[in-house]
Amino acid sequence: MTEKIKFNETYPVIIHEEDGQYWANVPDIPSAFTTGYSVEEVLKNLKEAIELALSSTLEVPTPTKFDDLHPEDGFVQMVDVSLLDYLKAVSKTVRKNVTVPSYLGILAKQNGDNVSEILTQALEKRYGIL
């Protein structure tokens, strides 16, 4: 069985101020960075940037400890991300052809069961999403 994905994590980010604007990066996720006119805007944008970066690979790196970061300029802030919430919000359904024993197909049809829904629930349970 595949290792379960850690869907919630808190990452340290480094926020810099320059000429009245802010920019930030995530040491653990080099592709996640953003800019903004306030710290609040940067943090909001960075949360989405982190979730987008993680959703493309489903690899969730272990965050660096807050105390291990000592930026020369800027300051460290923590950002909570929920990869699962992001994936559910942006995910599209995909068509998958599956094979099941004929008796299960008959039982599902007789009981009005939605096989796609049942399969989705089974996969979510298997991967620890429920």
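The structure is a predicted model. Strand 1 pairs antiparallel with strand 4 and also with strand 2. Helix 2 has buried residues and a face turned away from them that carries exposed ones.

**Strand pairing**

- Strand 1 spans residues 8-18 and is joined to strand 4 by eight bridges, the two strands running antiparallel.
- Within this pairing, Val 13 has Gln 77 of strand 4 as its bridge partner.
- Strand 2, residues 21-25, is also antiparallel to strand 1, with five bridges between them.
- Glu 18 lies opposite Gln 21 of strand 2.
- Two residues separate strand 1 from strand 2 in their hairpin, where Asp 19 adopts a positive phi near 55°.

**Helix 2**

- Helix 2 covers residues 83-90, and its buried residues include Leu 83, Leu 84 and Tyr 86.
- These three lie on the same side of helix 2, because they cover an arc of only 160° around the axis.
- Asp 85, Lys 88 and Ala 89 are exposed and sit on the face turned away from the buried side.
- The cover over the buried residues of helix 2 includes helix 1 (39-55) and strand 4 (75-82).

- Lys 47 and Glu 51 form a salt bridge through their side chains, with an N to O distance of 2.6 Å.
- The two residues are four apart in helix 1, so about one helical turn separates Lys 47 from Glu 51.
- Lys 47 has a relative accessible area of 32% and is therefore partly exposed.
- Glu 51 counts as buried because its relative accessibility is 8%, under the 20% cut-off.

**Nonpolar surface patch**

- Helix 3 (102-110) supplies at least two residues of the patch, as does helix 4 (115-126).

Methods:
Residues are numbered from 1 along each chain as its sequence is written. This is a predicted model: local features need pLDDT of at least 70, side-chain atom pairs count only at pLDDT 80 or more; totals for chains, interfaces and linings use all residues. Side-chain values use heavy atoms; hydrogens and water are left out. Buried means under 20% relative accessible area, exposed over 50%, partly exposed in between (1.4 Å probe, protein chains only). The arc is that of the directions from the helix axis to the C-beta atoms. Contact means heavy atoms within 4.5 Å. Two strands pair if DSSP finds at least two bridges between them. A salt bridge is a side-chain nitrogen of Lys or Arg within 4 Å of a carboxyl oxygen of Asp or Glu.
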